[in-house]
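The sequence and the structure come first.

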Amino acid sequence: METPPFYDEVLLLASTLVDSQDTAEQCWSAYEELRKVCECNSGSKNDHPFQWETLADFTLNNAEALKIYTTALQLAEALQLTEYSLSIQLAMAERYLQLNEQDHAFTFADAANESAKNTTDLELRKQISEFLLKICNKKQQ
């Protein structure tokens, strides 16, 4: 995958979010900084799905996260960044599963699986396949 603009800044904020999970104030501050990076780059030549996907990953509310993932997915598709699209679709499928919306989860995972046939990222393809098996097993229960 191509290195997006502001990669280092977004990665640093994500690391801060991971490291500060026990400190609500630090976590909130890093999240707000990341949100500002996304909003400042929105619609510019530096706008990239990586920043939006990262923001969604750290958004606790599933419904809000899905809105942010949708922004990331639309941008990834517009820029024809297939591996980002796959990753975002899988993340969306996981969030829908958390919301117990198995049909939506399957739809996004299946779309990711179809697109994954054109990528060489074997680890991502494996994650998608495992997720689809998990959904199928839940449906059978």
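Lys67 and Glu64 sit three residues apart in helix α4, a spacing of about one helical turn. In this predicted model, their side chains meet in a salt bridge, with an N to O distance of 4.0 Å. Lys67 is exposed, at 55% relative accessible area, whereas Glu64 is partly exposed, at 35%. Helix α4 covers residues 62-78 and has the highest mean pLDDT among the elements of the chain, 97.

The search of the whole structure finds five salt bridges. One of them joins Lys126 and Glu130 at 3.9 Å, N to O. These two residues belong to helix α7 (residues 122-140), where a spacing of four residues puts about one helical turn between them. Lys126 is partly exposed, with 44% relative accessibility, and Glu130 is also partly exposed, with a value of 44%. Another network of charged side chains is made up of Glu32, Arg35 and Glu39, joined by salt bridges that share partners.

Glu32 counts as buried at 16% relative accessibility, while Arg35 is partly exposed at 24%. In general terms, side chains of opposite charge can pair when their charged atoms come close.

| Pair | N to O distance | Relative accessibility |
|---|---|---|
| Lys67 and Glu64 | 4.0 Å | Lys67 55%, Glu64 35% |
| Lys126 and Glu130 | 3.9 Å | Lys126 44%, Glu130 44% |

Aromatic contacts are the next topic. The count comes to two aromatic pairs. In the pair of Trp28 and Tyr31, the ring centres are 5.9 Å apart and the planes meet at 20 degrees, so the rings are stacked. Trp28 and Tyr31 are three residues apart in helix α2, about one helical turn. Trp28 is exposed, with a relative accessible area of 55%, but Tyr31 is buried, at 12%.

The other pair is Tyr96 with Phe108, whose ring centres are 5.6 Å apart and whose planes are at 15 degrees, so this pair is stacked too. Tyr96 lies in helix α5 (residues 82-98) and Phe108 in helix α6 (residues 102-116), so the contact ties together parts that are twelve residues apart in sequence. Tyr96 is buried at 15% relative accessible area, and Phe108 is buried at 18%.

Cys38 is in no disulfide either, its nearest cysteine sulfur being that of Cys40, 9.4 Å away. A disulfide requires two cysteine sulfur atoms within 2.5 Å, and the structure holds zero disulfides. Both cysteines count as buried: Cys27 has 18% relative accessibility and Cys38 has 0%.

Confidence in the model remains to be described. The chain has a mean pLDDT of 89, and 96% of its residues reach 70 or more. Helix α1 (residues 7-19) has the lowest mean pLDDT among the elements, 82. Where pLDDT is low, predicted coordinates should not be read in detail.

Key
Residues numbered from 1 in each chain as written. Predicted model: local features only at pLDDT ≥ 70, side-chain atom pairs only at ≥ 80, totals over all residues. Heavy atoms only, no water. Buried < 20%, exposed > 50% of the residue type's maximum accessible area, 1.4 Å probe, protein only. pLDDT = per-residue confidence, 0-100. Phe/Tyr/Trp six-rings, centres within 6.5 Å; stacked < 30°, edge-to-face > 60°.
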